[in-house]
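Work through the exercises below with the sequence and the model open. Try each task before reading its solution.

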Amino acid sequence: MNLVRTPQQERFFLLSLAGIQFTHILDFMIMMPLGPQFISALSINTHQFGLLLSSYTFAAAIAGVFATYYIDRFERRQLLLRLYVCFIIATIACGFAQNYHMLFIARACAGAFGGILGSLVQTIVADSIPFERRGKALGTVMAAFSVSTVAGVPLSLFLANHISFLGWRAPFMFIGLISILILFVGYRFIPKISGHLHHVQEGSRFRQIYDILIAHKHARAFMFMGLIMITGFSVIPYIALYLTSNVGVANSYISLIYLCGGIATLMSSRLIGQMADKYGKVRVFRVLAIVSLIPLIVTTNLEPVPLWVVLINSTSFFILISGRMIPAMAIVSQLVEPKIRGTFMSLVGSTQMLASGIASVLAGLVVTIAPDGKMEHYNLVGYGAVICGLLTFWLVGYIHNDTKKA
């Protein structure tokens, strides 16, 4: 296995992977605030717009399952860059889509390639960085995940509103352009990673995948990651709507809220990773899992308050909710041997995407809009998220014990 050898090589290696993570997550997040523009430009209804959102998520989940058949049979760097090229093409195709059906297909393709990329990036980090330093490394990569999650709203609104001749197409073109730049950086700094190919795979490939899928310790890991995603994504999609309709925050300040969250998570992710390496990944995860429930409960029960109170709570929410993923991914990545890590992480990625989609759908069934335009029952969504968060606190102990036996 060829690993990065110097601190400088490792830094550029991780930044390349972080860039890939940033673009494919951003490609998903930019859709959410552009609903009114899509509905108007494409003459669609809210249900069809919901299908556009879910096409990315569920395509990513399905593609992740399909990828388990081949992901451990190819050299990591070559597979990553080729998939990234396909993702870039699909994203640019979204910007050129002429109607709803063309956009739907392009979004599904982007989701399929993006979903595999996310799992593959995490697999490469686990293959290349020793477990003792993996928290810090994943903190660097997950910082891109956090920033893209919270920066997608203001960035997409800014591009769509200020590049008028492109409108909703502008964000896709922008992502396509920066992805091309990141592709060249990745080609230069991501090394060949082929150690997993030295292991002999015996028996039917379908049997190998089935054994990975049904193993008790793997099933616990899938449940663990699924609950983490449900805790966050049952609440996140409806934050902007709740703040404007119930808390009285002006639409013009929504971008500021997400921007503050993005800057804060960028600064906190590496720190959380370093703390996980120093104090123990299980301990740090458990602290974050419990403390994150405070801003979660506040978010879903917030009454009209000054903007500075909203900013403090929302920034804390984004730091803590996204921060849980750093020690969690470090723990889960150590659960299997390198020869099956790609397959396992693909299944983990599919679980994450499927759980986030299900969380949004279930929350949408609970939340209602009252005649006065206010959201109702958002607090019930928050209480459900708290239960899921508490379950992750309990499950992580079992996952940790499984890693010691692996």
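The model is predicted, so local features need pLDDT of at least 70 and side-chain atom pairs count only at pLDDT 80 or more, while totals for chains, interfaces and linings use all residues. Residues are numbered from 1 along each chain as its sequence is written, and side-chain values use heavy atoms, with hydrogens and water left out.

**Exercise 1. Overall form**

Task: Compare the radius of gyration of the protein with that of a compact globule.

Solution: 
- The radius is taken over C-alpha atoms, and the globule rule is 2.2 Å times the number of residues to the power 0.38.
- For 406 residues the rule gives a value near 22 Å; the protein has 20 Å, which agrees.
- The C-alpha trace spans about 65 × 45 × 40 Å along its principal axes.
- The secondary structure consists of 17 helices and two strands; helices (H or I, at least four residues) and strands (E, at least two) are DSSP runs, numbered from the N terminus.

**Exercise 2. Salt bridges**

Task: Find the salt bridges and state whether their residues are buried or exposed.

Solution: 
- A salt bridge needs a side-chain nitrogen of Lys or Arg within 4 Å of a carboxyl oxygen of Asp or Glu; the structure holds two.
- R107 pairs with D27 at 3.1 Å, N to O. This pair joins distant parts of the chain, R107 in helix α5 (residues 100-128) and D27 in helix α1 (residues 7-29), 80 residues apart.
- Buried means under 20% relative accessible area, exposed over 50%, partly exposed in between (1.4 Å probe, protein chains only). Both R107 and D27 are buried.
- D277 pairs with K281, also at 3.1 Å, N to O. D277 is partly exposed because its relative accessibility is 23%, whereas K281, at 8%, is buried.

**Exercise 3. Surroundings of T91**

Task: Which residues does T91 contact, leaving aside neighbours within four places in sequence?

Solution: 
- T91 sits in helix α4 (residues 76-96) and counts as buried because its relative accessible area is 1%.
- With contact meaning heavy atoms within 4.5 Å, its partners are D27, A110, F172, I175 and G176.
- D27 is also the salt-bridge partner of R107.

**Exercise 4. Nonpolar patch**

Task: Which element gives the largest share of the nonpolar patch?

Solution: 
- Nonpolar patches join side chains (Val, Leu, Ile, Met, Phe, Trp, Tyr) within 5 Å, from residues with over 30% relative accessible area and no salt bridge.
- V287, I290, V291, I294, V298, L390 and F393 form the patch, with about 540 Å² of accessible area together (Shrake-Rupley method, 1.4 Å probe, only the protein chains shown as cover).
- Helices α12 (281-291), α13 (293-301) and α17 (378-405) each give two or more residues; the largest share, three residues, comes from α12.

Notes: Patch = residues over 30% accessible without salt bridge, like charges linked within 9 Å, V, L, I, M, F, W, Y side chains within 5 Å.
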